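Hello,

Here is the structure I promised to pass on. Please have it open while you read; my notes follow below.

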Amino acid sequence: MATAAKLQSMPFMNDKNNPIGWCVQTCIEFAADSRRLVQRCTKPDAKEFKKIAVACAIGFAIMGFIGYTVKLVFIPINNIIVGGQ
């Protein structure tokens with residue numbers, strides 16, 4: 001808590017109305033929130049990981065199919081518009 005003692009000796013660092021104080025206090029709040037988040041996070045178990053992996057794979061497959069279909073449809077349309085040789 002040495003940093004807290006240093007901040008107490010400089011009151012402008014604690015004042016959110018001061019631009020430097022706002023920046024310092026925002027960074028301190030962000031660090032505290034980030035630390036709290038990391039402490040609450042847990043590793044997924046095998047079942048949860050498999051479910052996420054399957055969902056991602058299905059999403060990739062759907063997006064790939066949509067992209068392939070759009071490309072397949074627009075190649076002939078582009079040839080008609082451009083007047084392919």
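First, a term: helices (H or I, at least four residues) and strands (E, at least two) are DSSP runs, numbered from the N terminus. The expected span of a helix is 1.5 Å times one less than its number of residues.

This is a predicted model, where local features need pLDDT of at least 70 and side-chain atom pairs count only at pLDDT 80 or more, while totals for chains, interfaces and linings use all residues. Numbering runs from 1 along each chain as its sequence is written, and side-chain values use heavy atoms, with hydrogens and water left out.

Confidence
pLDDT is the predictor's confidence in each residue, from 0 to 100. The chain has a mean pLDDT of 85, and 86% of its residues reach 70 or more. Among its elements, α3 has the highest mean (93) and helix α1 (residues 2-9) the lowest (64). Where pLDDT is low, the predicted coordinates should not be read in detail.

Helix α3
Helix α3 covers residues 46-82, 37 residues in total. At 1.5 Å a residue it should span 54 Å; its end C-alpha atoms lie 52 Å apart, which agrees. α3 does bend, by about 25° at F74. (The bend at a residue is the angle between axes fitted to the seven residues ending there and the seven starting there.) A proline, P76, follows within four residues. After α3 comes G83, with a positive phi near 80°.

Helix α2
Q25 sits in helix α2 (residues 19-40). Is Q25 buried or exposed? Buried means under 20% relative accessible area, exposed over 50%, and partly exposed in between (1.4 Å probe, protein chains only). Q25 is buried, because its relative accessible area is 15%. Leaving aside neighbours within four places in sequence, Q25 is in contact (heavy atoms within 4.5 Å) with M13, N14 and K16.

A search of the whole structure finds 1 salt bridge. The term means a side-chain nitrogen of Lys or Arg within 4 Å of a carboxyl oxygen of Asp or Glu. The partners are R36 and D33, with their closest N and O atoms 3.0 Å apart. Both lie in α2, 3 residues apart, about one turn of the helix. R36 is partly exposed at 49%, and D33 is partly exposed at 42%.

Cysteines
A disulfide is a pair of cysteine sulfur atoms within 2.5 Å. The count by this rule is 0. For C27, the nearest cysteine sulfur is that of C23, 4.4 Å away. C27 is partly exposed, at 47% relative accessible area.

Best wishes
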